[in-house]
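Here are my notes on the helix packing, written to be read with the model open. Have a look at it first.

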Amino acid sequence: MYENRDMQRLKTIIEKIVYIDEVVQNYKSTASALEDEKMAKPAILMHFIGIAEQFSKLEDEKLIQNFSEDIKGAMSIRNFIAHDYDGVNLVIIEKTIKEILPDLKNRIEKILKGEK
């Protein structure tokens with residue numbers, strides 16, 4: 001099985017995904033949440049940075065390989081946020097929230113449950 005530290009990092013990624021989902025639900029849509037420059041958009045983008053940071057700390061090579069595309073995507077989003085906050089392509093963020101994060105969450109949950 002995997003190291004406890006890596007399992008905790010995966011749990012933190014799930015927490016960040018849940019937080020993003022909660023923000024979106026509070027605004028009734030992803031687009032509405034991302035339009036709120038004062039609260040929702042910054043919260044969502046910070047959680048994306050947190051996801052990337054947790055991925056970057058994984059140590060187990062099997063986990064890193066299993067999530068290699070997710071890690072690349074998360075780091076790309078993190079870099080865009082860090083280096084061009086106002087220029088972040090919100091269409092990509094919205095698509096990621098709707099299409100990628102649910103699958104990522106499911107895959108992580110399976111690993112945490114000991115499934116393949």
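1. Ground rules. This is a predicted model, so to speak of local features we need pLDDT of at least 70, side-chain atom pairs count only at pLDDT 80 or more, and totals for chains, interfaces and linings use all residues. Residues are numbered from 1 along each chain as its sequence is written, and side-chain values use heavy atoms, with hydrogens and water left out.

2. H3 against H5. Helix H3 covers residues 40–56 and helix H5 residues 68–83; their axes come within 8 Å and cross at roughly 135°. Axes here are lines fitted to C-alpha atoms, for helices over the stretch in contact, with angles from 0 to 180 degrees between N-to-C directions. The helices themselves are DSSP runs (H or I, at least four residues) numbered from the N terminus.

3. Who touches whom there? On the H3 side, the residues meeting H5 include Leu 45, Phe 48, Ile 51 and Phe 55, while the H5 residues include Ile 71, Ala 74, Ile 77 and Arg 78 (contact means heavy atoms within 4.5 Å). The residues of this contact divide into 11 nonpolar, 1 polar and 3 charged. In that count Ala, Val, Leu, Ile, Met, Phe, Trp, Tyr, Cys and Pro are nonpolar, Asp, Glu, Lys and Arg are charged, and the others, Gly among them, are polar.

4. H3 against H6. The axes of H3 and H6 come within 12 Å and cross at roughly 55°, which makes H3 oblique to H6. Among the H3 residues that meet H6 are Lys 41, Ile 44, Leu 45 and Phe 48, and the H6 partners include Ile 93, Thr 96 and Leu 104. By class, this contact has 10 nonpolar, 1 polar and 1 charged residues.

5. H1 against H6. The axes of helix H1 (residues 4–27) and H6 come within 10 Å and cross at roughly 145°. Met 7, Leu 10 and Ile 14 are among the H1 residues meeting H6, where Ile 97, Leu 101 and Ile 108 are included. The class count is 14 nonpolar, no polar and 3 charged residues.

6. The second largest pocket. The lining divides into 9 nonpolar, 2 polar and 3 charged.

Key: Helix = DSSP H or I, 4+ residues; strand = E, 2+ residues; numbered from the N terminus. Parallel < 35°, antiparallel > 145°, perpendicular 65-115°, else oblique.
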